[in-house]
Amino acid sequence: FFCFGCMPGLRSSNLAGWRPQRSPRLQLAGPKTSFCSDNSQSLGPPAPQNLSFIHPLASVHPSAEIGLFSTIHEGVVVGEGARIGTSCCIGPDVQVGARSRIEGNVSISHCSLGEGVILWSGVRIGQDGFGFEVGNDIDGPKRKPQTLRVVLADFVELGANSTVDRGSWRDTQIGAHTKIDNQVHIAHNVVIGHSCFIAAQAGIAGSSSIGNRVQIGGQVGIAQHVRIVDECLIAGKSGVISDLDTPGAYGGSPAVPIRQWHRQSIFLRRLKARHL
């Protein structure tokens, strides 16, 4: 090992014509200036190559961007201007609409995405729904077939780590311009209308139908086969176990019209105060 810095009196001006034997020569007018310039990229390691896999039978628009380590399976169609992040898995026959944005570590299968859809990191779409036939003690429960798809209309947004199951007797559907927060679960066969808002940690059980412009608060639970009409507002932590047939605000568990819920809460507080 040889260190010029350890040699007293040695200056860079004395080294302009010197180079070790059998080594490449790099001569710069000003080493510090050159190192800080854009040209200094050639001194560092080479830029990583795109290590994603795109199946030969997939159709990816030339303007689309595919991140590192992502996999695009057979039959996938990726539209104009779409962006797919790092370490994503886009399953066979998935359609990704124009100008859609898919962040890192997303997996999609059995799904169609409309234009301008946004999927934040960790979203899972198209896995089998939670459906079983109760069996005997020997054979145990048997899984019901889940063979249909998920359809996301234009400009839908799904927050980080949200999940949407594929359908069994009808496609799971989310209407245009619906916005869904982080960690929301949407079960198989659910149909959600357009322009809805669903806050974090809500759960919608299978085969429920939700109308247009519905707002659902955080940690709301909606039971299976429930129907909710247009323009309902559901307060956070509510439990919906039966149909909501009239537009308006609801709260409580089980959910009731909001004024009734307020009266129930006041009554319980007064009842508690009397017995203290």
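**Strands, cysteines and charged pairs**

Mentor: This is a predicted model. Strands S31 (residues 248-251) and S32 (residues 256-257) pair in the antiparallel sense, with two bridges between them.

Trainee: Which residue in S32 is the bridge partner of tyrosine 250?
Mentor: Proline 257 is the partner of tyrosine 250 there.

Trainee: What sits between the two strands of that hairpin?
Mentor: Four residues separate S31 and S32, and glycine 252 takes a positive phi near 95 degrees in this hairpin.

Trainee: And how does S29 run relative to S31, parallel or antiparallel?
Mentor: Parallel: S29 (residues 232-234) is joined to S31 by three bridges. Leucine 233 has alanine 249 as its bridge partner in S31, and isoleucine 234 has tyrosine 250.

Trainee: What about the whole chain, how many helices and strands?
Mentor: Two helices and 32 strands. The chain has 276 residues, and 34% of them are buried. Its accessible surface is about 16400 Å², with 55% of that belonging to carbon and sulfur atoms.

Trainee: Which residues make up the nonpolar patch on the surface?
Mentor: Phe267, Leu268 and Leu271, with about 290 Å² of accessible area together. Leucine 268 lies in helix H2 (residues 258-274). Leucine 268 counts as exposed because its relative accessibility is 53%, and the cut-off for exposed is over 50%.

Trainee: Is cysteine 196 buried or exposed?
Mentor: Cysteine 196 is buried, at 1% relative accessibility. Cysteine 89 is partly exposed, at 31%.

Trainee: Now the charges. How many salt bridges does the search find?
Mentor: Five in the whole structure. One of them is between glutamate 115 and arginine 99, whose closest N and O atoms are 2.9 Å apart. Glutamate 115 is in the loop between S11 (111-113) and S12 (118-119), and arginine 99 is in the loop between S8 (95-96) and S9 (101-102), so the two are 16 residues apart.

Trainee: How accessible is glutamate 115, and what of arginine 99?
Mentor: Glutamate 115 has a relative accessible area of 29% and is partly exposed. Arginine 99 is partly exposed as well, at 45%.

Trainee: What does glutamate 103 pair with?
Mentor: Arginine 101, in a salt bridge with the closest N and O atoms 2.6 Å apart. Arginine 101 is partly exposed, at 28% relative accessibility.

Trainee: And which side chain does aspartate 245 meet?
Mentor: Arginine 227, in a salt bridge of 3.7 Å, N to O. Aspartate 245 is in the loop between S30 (239-240) and S31, while arginine 227 is in S28 (residues 227-228), so this pair ties together parts 18 residues apart in sequence. Aspartate 245 counts as exposed at 53% relative accessibility, and arginine 227 as partly exposed at 45%.

Note on methods:
Residues numbered from 1 in each chain as written. Predicted model: local features only at pLDDT ≥ 70, side-chain atom pairs only at ≥ 80, totals over all residues. Heavy atoms only, no water. Buried < 20%, exposed > 50% of the residue type's maximum accessible area, 1.4 Å probe, protein only. Pairing = 2+ DSSP bridges. Patch = residues over 30% accessible without salt bridge, like charges linked within 9 Å, V, L, I, M, F, W, Y side chains within 5 Å. Areas by Shrake-Rupley, 256 points an atom, 1.4 Å probe, with all protein chains shown as cover. Salt bridge = Lys/Arg side-chain N within 4 Å of Asp/Glu carboxyl O.
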